[in-house]
Amino acid sequence: MMSKSAPTLRKGATEEQYLWFRNLAQRTYDCKRCPRMERHSAVLGPLNGRLEARVMVVGEAPGRFGSAVTRIPFRGDRSGENFERLLPHAGLRREDLFIANAVQCNPKDDQGRNDRPSPQELRNCSDYLRELLDIIQPPYVVTLGQKALDALRLIEPHKLSLKDDVGVAIPWRGVKVVPLYHPSGRALANRPFEEQAKDYTRLERILKADPGGKWPGRFTGDLKGM
Ligand code: SF4
């Protein structure tokens with residue numbers, strides 16, 4: 001059975017969103033597609049954020065000291081601390097967002113340390129991420145790091161790159177994707193905090209220039225399996 005954490009219907013979320021999300025969360029919780037993640041339950045539930053969010057964030061994977069423990073994406077580890085320090089530069093609060101990952105479980109190496117998801121693991125979890133996008137229908141998708149961009153590419157091809165497109169809104173599959181760097185310590189070595197803060201400020205400008213709500217009439221997802 002799925003955790004303690006059955007999603008609750010939030011103001012603004014439709015019944016269809018709620019039911020579909022609950023069904024998806026249960027399937028990811030039971031999922032055994034990735035052998036090294038079989039014993040790690042997926043981090044997908046009400047603590048991922050608002051089903052009616054205007055901005056959906058896609059990170060890389062739950063961290064072993066972060067959401068794999070807290071069940072709250074980007075909470076409890078160094079990446080989470082950095083993310084929470086960066087968010088205000090975009091004028092955003094955690095409660096404004098829905099936060100998911102390229103893969104929904106925590107990949108670990110042989111020593112039990114955080115590992116990056118493999119290409120096969122990204123493929124294994126791709127259907128779930130696509131369903132999440134169809135459930136949330138966010139006007140904006142903010143990717144954090146290269147693996148998140150790779151995960152979107154598996155759903156529908158794109159030519160986005162972190163180097164060329166960071167902090168720019170690019171149309172993709174009926175939404176706008178804004179690539180940002182991952183807030184991990186490793187990524188901060190390449191893109192220091194001050195630079196990343198400027199990227200988040202560019203995101204704020206994009207969102208402020210487009211204050212409209214969701215795009216109506218885009219609920220195109222397949223409801224089978226409900
Ligand atoms: S990462 Fe995704 S595909 Fe792999 S076991 Fe977890 S839910 Fe299943």
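This is a predicted model: local features need pLDDT of at least 70, side-chain atom pairs count only at pLDDT 80 or more; totals for chains, interfaces and linings use all residues.
**View A. Strand β5 and its two partner strands.**
Strand β5 spans residues 175-180, and five of its six residues are buried. Strand β3, residues 140-144, pairs with β5 in the parallel sense over five bridges. Within this pairing, T143 has P179 of β5 as its bridge partner. Strand β4, residues 170-172, pairs with β5 in the antiparallel sense over three bridges. Here K176 of β5 is the bridge partner of P171. Two residues separate β4 from β5 in a hairpin, and R173 in the turn has a positive phi of about 55 degrees.

**View B. The shell around the ligand.**
The ligand is surrounded by 13 residues. The closest are C31, C34, C105, N124 and C125. Helix α4, residues 119-136, gives the most to this shell, with four residues. Sorted by class, the shell holds eight nonpolar, three polar and two charged residues.

F98 is found in strand β2, which covers residues 97-101. F98 counts as buried because 22 C-beta neighbours lie inside 10 Å, where the cut-off for a buried residue is 20 or more. Beyond its neighbours within four places in sequence, F98 is in contact with N48, G49, R50, L51, A53, M56, I136 and P138. For one of these contacts, M56, the C-alpha to C-alpha distance to F98 is 4.8 Å, although the two are 42 residues apart in sequence.

How values were computed:
Residues are numbered from 1 along each chain as its sequence is written. A residue is buried if 20 or more other C-beta atoms lie within 10 Å of its own, exposed if 12 or fewer, and partly exposed in between; C-beta atoms are placed from the backbone. Two strands pair if DSSP finds at least two bridges between them. A residue is near a molecule or strand if its C-beta atom, placed from the backbone, lies within 6 Å of it. Ala, Val, Leu, Ile, Met, Phe, Trp, Tyr, Cys and Pro count as nonpolar, Asp, Glu, Lys and Arg as charged, and the others, Gly among them, as polar. Two residues are in contact if their C-beta atoms, placed from the backbone, lie within 7 Å.
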